[in-house]
Amino acid sequence: MVTSQGNHATSVKPRSGEPGAVATTTSPSKGPGRKARRTAVTRSAAARRRDLPIALLLILPAVIGFATFYAYPTLRGIYLSFTEFHVLSPPKWVGLANFRELFGDDVFWHSLLVTGYFVLLSVVFGTLISLVTAVVLDRVTRSSALRGVILLPFLISNVIAALVWQWMLDPTLGIVNIALKHLTGHSILFFGSGGWAIPSLAAISVWKWMGYYALLIFAGLQTIPPTIYEAGRVDGASEIQMFRRLTVPLLRPILVMVVVLTVINSFQVFDIVQVTTEGGPANASNVLQMYIYRKAFRQFDFGYAATMSLALFALLIAVTFTQLRLARANESDLS
């Protein structure tokens, strides 16, 4: 039996053992339930308004730091790229004159080619070595101590790493050349030869960053279900086949991230070059950052240096965007 009283609907539903018992249900569209929800929403909005000043106060130091050390220098650099500025005199607006000079600067294009060679070696060998190391950590051993040892080079500053390798690769006293003399009878000028300078610098960079990238890939390997490899073994696939057809495709998002990070870091290489070769011999290792440094802090041509920095920034954006689009970084084969 159903009766109506005002805005409430009452239904009669006998319960077992209590015939004729009455159960009352309230319409969900009206009544105290809706008022309670409105009250909760109002209180939540009021709480957010009260917390807003505290939240702004907490993020204020980070905002000030970002504006001081990132936003302002970036905007200032963009402005200086359109000026002639030599520190002792105020900036003089020259429009696109610096960019026209850039297109005709042979040293700039040579530095860009040298940097591209360094980036190619760092990306190819760095990614391959990091991938193999991560797979060994995942499939052979999961020792935390070994992971810590592999990560140690990443924790060392670039300057210290460059100094250590400069001593090790010294043509007369370096341990590497001492071993080469015993094996081959002669030593190699790793930093004094035009053909060996960039590969030697790339080797230092790969050694420095390999542990960090290997741990990133190792973390990606943990997301691959073991059942996939069990199915591969059932189908008779070898370890190499599973690595090529299962591991690498499923790691594509992580590998793309590693490649993008390697490209960005390699294009900005400076400290290991400054410590070891200073751009020599005969500009063989004169990477773009080294050329920018010379223009700005040795020749005090800050306007032209800012122009080259802006060109490098635009190049990195274009390269990164192209990599992400071609590699489909936002897609995964793991479903």
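Pro281 sits in the loop between helix H11 (271-276) and helix H12 (288-297). Helices here are DSSP runs of H or I with at least four residues, numbered from the N terminus. What you're looking at is a predicted model, where local features need pLDDT of at least 70 and side-chain atom pairs count only at pLDDT 80 or more, while totals for chains, interfaces and linings use all residues. Residue numbers run from 1 along each chain as its sequence is written, and side-chain values use heavy atoms, with hydrogens and water left out.

So what kind of peptide bond joins Gly280 and Pro281? That one is cis, with omega at about -5°. The loop between H11 and H12 also holds Glu278, whose phi is near 55°, a positive value in a residue other than glycine. Glu278 counts as partly exposed because its relative accessibility is 40% (buried is under 20%, exposed is over 50%, and partly exposed is in between, using a 1.4 Å probe and protein chains only).

## Another positive phi

Move along to the loop between H12 and helix H13 (302-327), and you'll find Phe300. Phi of Phe300 is near 55°, again a positive value in a residue that isn't glycine. At 42% relative accessibility, Phe300 is partly exposed.

## The largest pocket

How big is the largest pocket? Its volume is about 830 Å³. The pocket has 22 lining residues, and those nearest its centre are Pro73, Thr74, Gly77, Ser309 and Leu310. H1, H12 and H13 are the elements that give two or more residues to this lining, and H13 gives the most, with 9. By class, the lining has 17 nonpolar and 5 polar residues, with no charged ones. (Nonpolar covers Ala, Val, Leu, Ile, Met, Phe, Trp, Tyr, Cys and Pro; charged covers Asp, Glu, Lys and Arg; the others, Gly among them, are polar.)

A word on terms: on a 1 Å grid over the protein atoms alone, a pocket is an open set of points with protein on both sides within 12 Å along at least five of seven lines, a cavity is a set where a 1.4 Å probe fits but cannot get out, and lining residues have an atom within 4 Å of a point. Points are joined across faces, edges and corners, and a volume is the space filled by probe spheres set on them.

Of its 14 lining residues, Asn158, Trp209, Asn265, Val269 and Asp271 lie nearest the centre. Helix H5 (158-168), H7, H10 and H11 each give two or more residues to the lining of this second pocket, with H7 giving the most at 4. The lining splits into 7 nonpolar, 5 polar and 2 charged residues.

How many cavities of 30 Å³ or more are there? The count comes to 1. The largest cavity has a volume of about 70 Å³, and its lining is made of Ser122, Gly126, Ser205, Val206, Trp209, Met210, Tyr213, Thr262, Asn265 and Ser266. Helix H3 (106-139), helix H7 (194-221) and helix H10 (252-267) are the elements that give two or more residues here. H7 gives the most to the cavity lining, with 5. Sorted by class, the cavity lining has 4 nonpolar and 6 polar residues, and no charged ones.

## Along helix H1

Leu57 lies in helix H1 (residues 32-80). Its relative accessible area is 59%, so Leu57 is exposed. Leu57 is also part of a nonpolar surface patch of about 880 Å², made together with Leu52, Ile54, Leu56, Leu58, Ile59, Leu60, Val63 and Ile64. A patch takes residues with over 30% relative accessible area and no salt bridge, joining like charges within 9 Å and nonpolar side chains (Val, Leu, Ile, Met, Phe, Trp, Tyr) within 5 Å. A salt bridge is a side-chain nitrogen of Lys or Arg within 4 Å of a carboxyl oxygen of Asp or Glu. Areas come from the Shrake-Rupley method with a 1.4 Å probe, and for residues only the protein chains shown count as cover.

Arg76 is in helix H1 too, and it is partly exposed at 32% relative accessible area. Between Arg76 and Ala306 there are 230 residues of separation along the chain, yet their C-alpha atoms are separated by 9.1 Å.
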